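Subject: Structure handover

Hello,

My notes on what turned up in it follow.

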Amino acid sequence: MFDLARLCLVFMVLALAAPVAAQVREDDLSEFSEKLEIGISTDEISITSDFRGADLTIFGAIDGFDEKLLAQGKYSIIVTLEGPKENATVRRKERVFGIWVNTRSMTFELVPESYSLSSTRDIETIAPPGEMGNMGIGVDHMRLVPVGFVGDGSNLGEFRNAFRRIREESGVFQRDPGGVQFISSSLFRASVRLPANVPNGVHIVRAYLFRDGLFVAAKALPLTVVKTGLEQAITRAAHDQPLIYGLFAVLLAIITGWGASLLFRKE
């Protein structure tokens with residue numbers, strides 16, 4: 001009887017302690033008082049035929065910051081510009097009987113068509129790689145999930161590395177450690193690059209605030225990229241009237257080739 005009473009008492013203590021523990025966890029989650037605000041000068045960028053790329057400037061501020069931590073340089077900012085997402089295929093070429101042919105391929109599901117990153121310093125020094133990987137921040141930590149069956153997965157790392165290398169070499173994936181600078185107390189300015197071949201669609205500007213290696217807050221804004229003039233007409237024709245666009249392209253190639261042969265014909 002005494003043991004039963006003691007057991008009931010233990011259960012009552014645990015039941016009373018559970019809400020307290022939950023409250024402590026909630027307090028731990030809300031321990032950061034800092035908030036992040038960002039703004040961009042325009043929410044739409046028009047691309048013309050002579051577009052050669054551009055730098056987009058983002059301004060931001062940290063609200064509720066700790067002056068001591070700010071003076072000690074404990075705050076770090078990462079800003080990314082992420083393009084529309086599409087499936088992307090990477091192909092491996094091998095030499096077969098003296099001819100380079102595609103032998104293997106892997107398709108990754110919904111990856112950004114473009115990705116630019118700027119930060120106060122190298123992101124690997126801002127937070128542990130595991131944290132960056134969980135949040136998918138940075139080219140090296142981008143989530144690359146293959147579509148369909150990939151066998152034993154032994155080639156997965158190879159294709160992922162090839163995908164990152166190809167995108168960086170083409171200029172659509174970029175990184176700039178030091179591209180974010182504090183301009184006065186808690187105000188900062190970031191510059192991210194739009195490549196010359198920036199894709200159409202809605203891009204997302206994201207800013208992340210870290211305090212002494214811990215993630216604190218994030219903010220996101222949309223940025224629309226649209227083609228105008230002749231570029232827009234060609235793009236619309238290619239998507240809306242693919243057959244007519246293809247026939248026109250072939251006809252234009254024939255006329256151009258015929259004209260070149262007349263121009264450079266030897267008498």
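**Strand pairing and the two sheets**

His203 has Leu223 in E12 as its bridge partner. The two strands here are E11 and E12, which run antiparallel and are joined by eleven bridges. Strands are DSSP runs of E with at least two residues, helices are runs of H or I with at least four, and both are numbered from the N terminus. Two strands pair if DSSP finds at least two bridges between them.

Some ground rules. This is a predicted model, so local features need pLDDT of at least 70 and side-chain atom pairs count only at pLDDT 80 or more, while totals for chains, interfaces and linings use all residues. Residues are numbered from 1 along each chain as its sequence is written, and side-chain values use heavy atoms, with hydrogens and water left out.

The protein chain has six helices and twelve strands.

A second open sheet has four strands, ordered E1-E3-E10-E9, with antiparallel pairing. Its edges are E1 and E9; each has a single partner strand, so one side of each is left without a neighbour in the sheet. Neighbouring strands of this sheet are turned by 30 degrees against each other on average, direction ignored. E3 and E10 run antiparallel and share eight bridges. Ile58 stands opposite Ala190 in E10.

**Strand E4**

Eight of the eight residues of E4 are buried, so the strand is largely enclosed by the rest of the structure. Buried means under 20% relative accessible area, exposed over 50%, and partly exposed in between (1.4 Å probe, protein chains only). In a regular strand the side chains alternate between the two faces of the sheet. Both faces of E4 are covered: Tyr75, Ile77, Val79 and Leu81 are buried on one side, and Ser76, Ile78, Thr80 and Glu82 on the other.

E4 joins E11 through eight antiparallel bridges. Glu82 stands opposite Ile204 in E11. E4 also pairs with E7, again in the antiparallel sense, over five bridges. There, Thr80 stands opposite Leu117 in E7.

**Cores**

A nonpolar core is a set of buried Ala, Val, Leu, Ile, Met, Phe, Trp, Tyr and Cys residues joined through side-chain atoms within 4.5 Å. The largest one has 28 residues; Leu36, Leu56, Ile58, Ile77, Val79 and Val205 touch the most other members. Elements giving two or more residues to this core include strands E1 (35-40), E3 (54-63), E4 (75-82) and E11 (201-211). Apart from it lies another core of 24 residues, among them Met106, Phe108, Ile123 and Phe173.

Contact means heavy atoms within 4.5 Å. Not counting residues up to four places away in sequence, Leu56 touches Ile45, Leu81, Ala190, Ser191, Val192, Leu194, Val205 and Leu223.

Ser186 sits in the loop between strand E9 (180-184) and E10. Ser186 is buried, at 8% relative accessible area. Leaving aside neighbours within four places in sequence, Ser186 contacts Gly60, Ala61, Ile62, Phe65 and Leu70.

**Aromatic pairs**

There are five aromatic pairs. Rings of Phe, Tyr and Trp (its six-membered ring) pair if their centres lie within 6.5 Å; planes under 30 degrees apart count as stacked, over 60 as edge-to-face and the rest as tilted. Tyr115 and Phe173 are edge-to-face, 6.2 Å centre to centre with 70 degrees between the planes. Tyr115 lies in E7 (residues 115-119) and Phe173 in E8 (residues 173-177), so the pair ties together parts 58 residues apart in sequence. Both Tyr115 and Phe173 are buried.

Phe210 and Phe215 also pair edge-to-face, at 5.7 Å centre to centre and 65 degrees. Phe210 is buried at 0% relative accessible area, whereas Phe215 is partly exposed at 29%. Ring pairs link Phe108, Tyr115, Phe163 and Phe173 into a cluster.

**Whole chain**

Of the 267 residues, 29% count as buried. Among contacts with a separation of 6 or more, 71% are between residues 24 or more positions apart.

Best regards

Notes
Axes fitted to C-alpha atoms, helices over the stretch in contact; angles between N-to-C directions.
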